[in-house]
Every structure is written in C-alpha cells, then in structure tokens.
Amino acid sequence: MKQKIYSALLFVFLWYLLYFLNVLPAFHVVVVTFLMLVVKAEPVLGKTLLQHAASSLLRVLAGAIVAFSISIPLGILMWFSRIYNLLHPAIEVLRPIPPLAWIPLSYILFASFPNPTVFAQIFIVAVGAFFPSFVTISDYVRGVPQEFIELAKVFGAKSFDLLTKIVLPYSLPGIITGVRVGLGVGWMSIIAAEMIATSGSGLGYFILVMYEVGGRMPEIIAGMAMIGLIGYSMNTLLFKLEERFPWRLKSGT
Amino acid sequence: MALEIRNVKKSFGNLKVLDGVSFEVEKGEFACIVGESGCGKTTLLKIVAGLVKADEGEVLYDGKELKTEDIAFVFQDDRLLPWRTALENVMFSLEMRMRELDKKRREEIARSFLELAGLKGFEDYYPHQLSGGMRQRVGICRALAVNPKVLLMDEPFASLDAQTRNRMQLELLKIWEKRRKTILFVTHSVDEAVFLADKVVILSPRPAKVLKVLEINLERPRDRTSPEFVGYRREIMNLLQGTSLSI
C-alpha cells in the first residue's frame, strides 16, 4: 500500500513538473474537468464521459462476444493435433495484421448494412480480441499434461471424455487469461477505431473531437484517464478471477 | 492361477528393456516387483495395464487376455485432478468405467471408499489442501472404486517421507485385508517389498528377466527387525547386487 502511495505521489509530482514547463495543464484542473465531465454533458457532443464510456464498452462487449464465441471452442479443439496442424499456420499468418489494418476492408464488407460504422467497429474489436485470446487458449490447451490424459485412458476415457473432463476443466484458467488478454486488445482497438470513423459517441471519438474543436487538453486527458481506468479495471477484475485456480500456469501478461 | 505374465519382451528402438519376463500371481495375492531403477519395472506394469504394447508375450487373467478395463492403476505421482475435490476425484474413475451408475450411486461408492481409507471428513477438500499421504490414499480409493480384477501400483509411496511411507504401507494392508484384490506393486525398496508382499518378483537389471520369485512366509503385521524379515531382505539384496556386480 505504501509503495502505491509513493508511486502516486511521484506521478503527481512529475505531472506538476511538466505543468511548470508548460507542457501539460495543471493536474488539479484535469481532475476537476474529469469529475465535471463524468456528471455533466459536454456541450459539443452533448454527452457525459460515462455515456461515452458506455457506448465504447457496448461495442467492445459486442465484438468480444463474437470473438470469444469462436476463439474459446476453437482454441479447445486445438488440443487435437490434426486440427492444430490444419489451423496453426493460417492463424500465424493472419495474427500479425494489426486490427486497424482491417478497417478499410471492414468498411467495404459492411457497406450495405444499416449502420456500417458500428458494424465495422464491432468487427475490428472482434478481430483484435480474437487472435490474442485464441492463441492464449490454444497454448494452454496444448499444455494439458500427458499424465492426466494417461490417467483418463487407464480408466477408459473416450475422446469426448478427454475433452470435457480433462482438457476443458484444466484449461479454464487459460480461457480466463485469454478473455482478459482479448478484452485488453479489444479495448485498445475500439478506441482506435472510434478515432478513425465518425461514430457520434465513444471515448475514442470524444478525445478526437476535443482535439478538433481546438485542442482542449484537459478534456482530452480526462478522456484518456477514463480509457485507462476502464482498461485497468477489466484487467484487474479478470486477473483476480484467474488467481482463484490453484492449478493455473503462470501467465506472463 | 489368476494373473499370468508370459514371456513378455519389449524394446524401445535398440534399447532392450524386457527380455522375456514370466511369472504368475494368485487371485487375491499381493505381489511386489523389485529391481534397480531403470530396469523396466514401470514398463512392465504399463504393459500389464495395456498402456504400452509388448513386442512379444502375453498377459492373461484366468486364461484370457487381461484388458485395460480389468485393471486399475495407482501412479507414483498421485495424479489427482486439481479441479476436483477428493470425492470427485474418486468419482472420476466411476464416471469413466461405470457409466451405467447414476450420480448418486457413484457418490455413495466414492464416499464408502474414502471412509475405508480413513478420509471421512475430507471429501470436499481439494488436492492442494491435502497432505502427500492423503492424496495417495485418494488415488488408491479412485483405483479400488471401480472394483478392478487386478490393482497395479507403480511406486505409489516413493515420494513420501519415511514415516508417512511406513504408515501408508500399514494403511494399504488394512484396506487390502478388507477388499482382497490381486495387487501388483512395483517398488525399488526391498524393505517395502518384504513388508507388504506375499510374493516378491525380483528383476535383473536391464534387459530385465525374472531372477527369482520369492514367497514371503511371515505373519502380518510384520516386524521389520525380526531375523526372518532381515533374512528375506538379505536374500533379495544379494540377488540384486550379485547381478549388478557381474556386469
């Protein structure tokens, strides 16, 4: 706890240093702007910071649901070497393409939809969340100890039993890690996607507009703080959940 | 004759591991296999279990081929599933092997075995909350629950400290006296073999052959310090050492 206080003090100190060097607005000004924006609608877009956060979160949620409903079952099936050998090379080629590189293509794909911007954004989040979650889950699944498989076979397990009674429960913490990592990338993707396409709301769009109407630094930084806070909370919450599994592997991220 | 191991041979590539191993075990008999580490004891046990295929030879029970569904296995590492409680771990073997039973019945069986092994009250503990000895007992319960014809045990107490190990040997004998199973127990401890077994199968170093099958005619519980006990130990050790010196 003490360490955290020192860390916060150092942060604020450095901030004021930058303020006196005329780089940043004063810390307290940003804090007040942040709190005001949380409760009161900002006039240009007519929405509070919480409303922007909610619409970003909703898009992330939609994209993440799409991503995870593919990455979780597919990741578990990667336990079968035949499926792994089939999918792994293709995934490795697609994976390095940044989510944002999918934006132009996604606009074409969703051009005929009633609300192409929203669909394209959800698609980008889905792409962003899919690859890291899929790779995390499939790595975990591939790591199921052979000893457990042998044990199950001694007692007469069939392929389906191995999948449901060994691979799936063993991989549960890995699935949560996958969801955590995927949400993290999805969250970054939505902020970036919102800054490229006009969407009327969302934290990414908000900070972009605050820039365009005259470089309003306190508002921009307040928006960034909100982005950071939400990302941090999602990560911490899921990490706490992960830690509850005594057999989980150490995860690096 | 219940269990017959007939001329079992096995090589891994150029490495000859088992060179025609043969012996027999009566129904309800407790047999120990001893031999130097790396002599192929575990491979032999896995062949009996049907986990590894022999190059030659056969494993028979009552004259018919012994199948994986006839045996149960206790591993050297306890190999409990960490996401299952003690009770659920015992139920695991029943879920695989006795699919016709409903959940309630499986739970009853599992509970009765845990009680038999002195684990009443620990049913809902997870493996990481149990001691090494307790975990091994859960593993034994899981194996016994499916009522196997032959119980195979691969150095189940090797990773336990000396006191726990001695206590576990007594516990195992107590359980075995209540549920007479044919047991094939692999160990590299001569002391453990003489303490537990009706019959000790002594294997030579790799490639393994049976050096001798020794009947232990001592009342249980056995006194490790009695002259007879020591005599059996000496005989087995001489056999084991004799062969390793001649190489």
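Does N7(B) count as buried, exposed or partly exposed? In this predicted model, N7(B) counts as partly exposed, because its relative accessibility is 35%, a value that falls between the 20% and 50% cut-offs. The residue sits in strand 1 of chain B, which covers residues 3–12. Its backbone also deserves a look: N7(B) is not a glycine, yet its phi is positive, at about 50°. Most residues other than glycine have a negative phi, and most peptide bonds are trans.

The bond from R206(B) to P207(B) is cis, with omega near -5°, and P207(B) belongs to the loop that links strand 9 (199–203) with strand 10 (210–215) of chain B. A cis bond is also found from R220(B) to P221(B), again with omega near -5°. In this instance the proline, P221(B), is placed in the loop between strand 10 and helix 7 (227–245) of chain B.

Attention now turns to the interface between the chains. The size of an interface is often given as the accessible area lost when the parts come together. For chain A and chain B this buried area is about 1800 Å², with 72% of it on carbon and sulfur atoms. The contact brings together 18 residues of chain A and 24 residues of chain B. Between the two chains there are 4 salt bridges. One of the residue pairs joined by a salt bridge is K46(B) with E150(A), whose closest N and O atoms are 3.1 Å apart. Polar contacts across the interface of chain A and chain B involve 7 residue pairs, counted where both residues are at pLDDT 80 or more. On the side of chain A that touches chain B, helix 7 (146–154) and helix 8 (159–196) of chain A each contribute at least two residues. Helix 7 of chain A gives the largest share of that side, with 7 residues. Sorted by class, the chain A side holds 11 nonpolar, 1 polar and 6 charged residues.

Within chain A, a further interface lies between domains. The domain assignment divides chain A into domain 1 (1–40) and domain 2 (43–242), and the C-alpha centres of these two domains of chain A are 30 Å apart. Each domain places 12 residues in the contact. Together, domain 1 and domain 2 of chain A bury about 940 Å², of which 86% is on carbon and sulfur atoms. F34(A), L37(A) and V38(A) account for 52% of the area that domain 1 of chain A buries against domain 2, more than any other three residues. The count of salt bridges between these domains of chain A is 0, and 1 residue pair is in polar contact across their interface, with both residues at pLDDT 80 or more. Helix 2 (residues 27–39) of chain A supplies 7 residues, the largest share of the domain 1 side that touches domain 2. By class, that domain 1 side comprises 10 nonpolar, 1 polar and 1 charged residues.

Technical notes. Residues numbered from 1 in each chain as written. Chains lettered and ligands numbered in written order. Predicted model: local features only at pLDDT ≥ 70, side-chain atom pairs only at ≥ 80, totals over all residues. Heavy atoms only, no water. Contact = heavy atoms within 4.5 Å. Buried area = accessible area lost by both parts, 1.4 Å probe. Salt bridge = Lys/Arg side-chain N within 4 Å of Asp/Glu carboxyl O. Polar contact = N/O pair within 3.5 Å; in protein donor to acceptor, adjacent residues only side chain to side chain. Helix = DSSP H or I, 4+ residues; strand = E, 2+ residues; numbered from the N terminus. Nonpolar A, V, L, I, M, F, W, Y, C, P; charged D, E, K, R; others polar. Buried < 20%, exposed > 50% of the residue type's maximum accessible area, 1.4 Å probe, protein only. Domains from an automatic or database assignment.
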